[in-house]
Amino acid sequence: MEKKFETVYITKFALTQGILEVQGEVTRSSTGDFVNWKEPGSWVSQYAHGKDWYRDRGLAVKRANELVAKKVKSLTTQLDKMKKLAFN
């Protein structure tokens with residue numbers, strides 16, 4: 001059986017590597033679709049499922065922006081806690 005590859009957008013690494021555009025093989029499973037791909041020159045397959053990949057770049061950008069906003073909120077909370085520390 002011939003494998004079918006399509007262009008997908010990986011958001012799994014959005015905060016560290018940005019949105020990756022890859023040629024991946026989409027597979028259906030009982031728990032939802034997932035995609036696997038290999039980086040050029042690599043023999044190791046990588047996988048993404050759920051909200052970690054999209055067929056549409058616009059949806060991937062939207063998800064990446066959500067991840068950024070969530071991280072900013074988390075860091076702001078951490079910064080506020082640090083500012084309140086007082087050592088005697």
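Lys and Arg count as positive and Asp and Glu as negative, while His and the chain ends are not counted. The exercises below concern a predicted model.

**Exercise 1. Charge and surface**

Task: Determine how far apart the mean positions of the positive and negative charges of the chain are.

Solution. 
1. The chain carries 16 positive and 10 negative charges.

**Exercise 2. Overall form**

Solution. 
1. The chain contains 1 helix and 5 strands.
2. The C-alpha trace spans about 70 × 25 × 25 Å along its principal axes.
3. Of the 88 residues, 23% count as buried.
4. Among contacts with a separation of 6 or more, 37% come from residues 24 or more positions apart.

**Exercise 3. The sheet**

Task: State the order of the strands in the sheet, and explain why one side of S4 and of S5 is left without a neighbour.

Solution. 
1. The 5 strands form an open sheet, ordered S4-S3-S2-S1-S5, with antiparallel pairing.
2. Strand S4 (45–49) and strand S5 (53–54) stand at the edges and each has a single partner strand, so one side of each lacks a neighbour in the sheet.
3. Strand S1 (residues 5–10) is joined to strand S2 (residues 20–27) by 6 bridges; Thr7 stands opposite Gln23 in S2.
4. S2 and S3 pair over 3 bridges, and their hairpin has 6 residues between the strands, with Gly32 at a positive phi near 120°.
5. S3 and S4 pair over 5 bridges, with Ala48 in S4 as the bridge partner of Val35.
6. The hairpin of S3 and S4 also has 6 residues between the strands, and Gly41 takes a positive phi near 80° there.

**Exercise 4. The setting of Asn36**

Task: Decide whether Asn36 is buried or exposed, and identify the residues that it touches.

Solution. 
1. Asn36 belongs to strand S3 (residues 34–38).
2. Buried means under 20% relative accessible area; Asn36 has 13% and is therefore buried.
3. Glu25 stands opposite Asn36 in S3.
4. Not counting residues up to four places away in sequence, Asn36 touches Gly24, Glu25, Ser45, Gln46 and Tyr47.

Methods
Residues numbered from 1 in each chain as written. Predicted model: local features only at pLDDT ≥ 70, side-chain atom pairs only at ≥ 80, totals over all residues. Heavy atoms only, no water. Helix = DSSP H or I, 4+ residues; strand = E, 2+ residues; numbered from the N terminus. Buried < 20%, exposed > 50% of the residue type's maximum accessible area, 1.4 Å probe, protein only. Contact = heavy atoms within 4.5 Å. Charge placed at Lys NZ, Arg CZ, Asp CG, Glu CD. Pairing = 2+ DSSP bridges.
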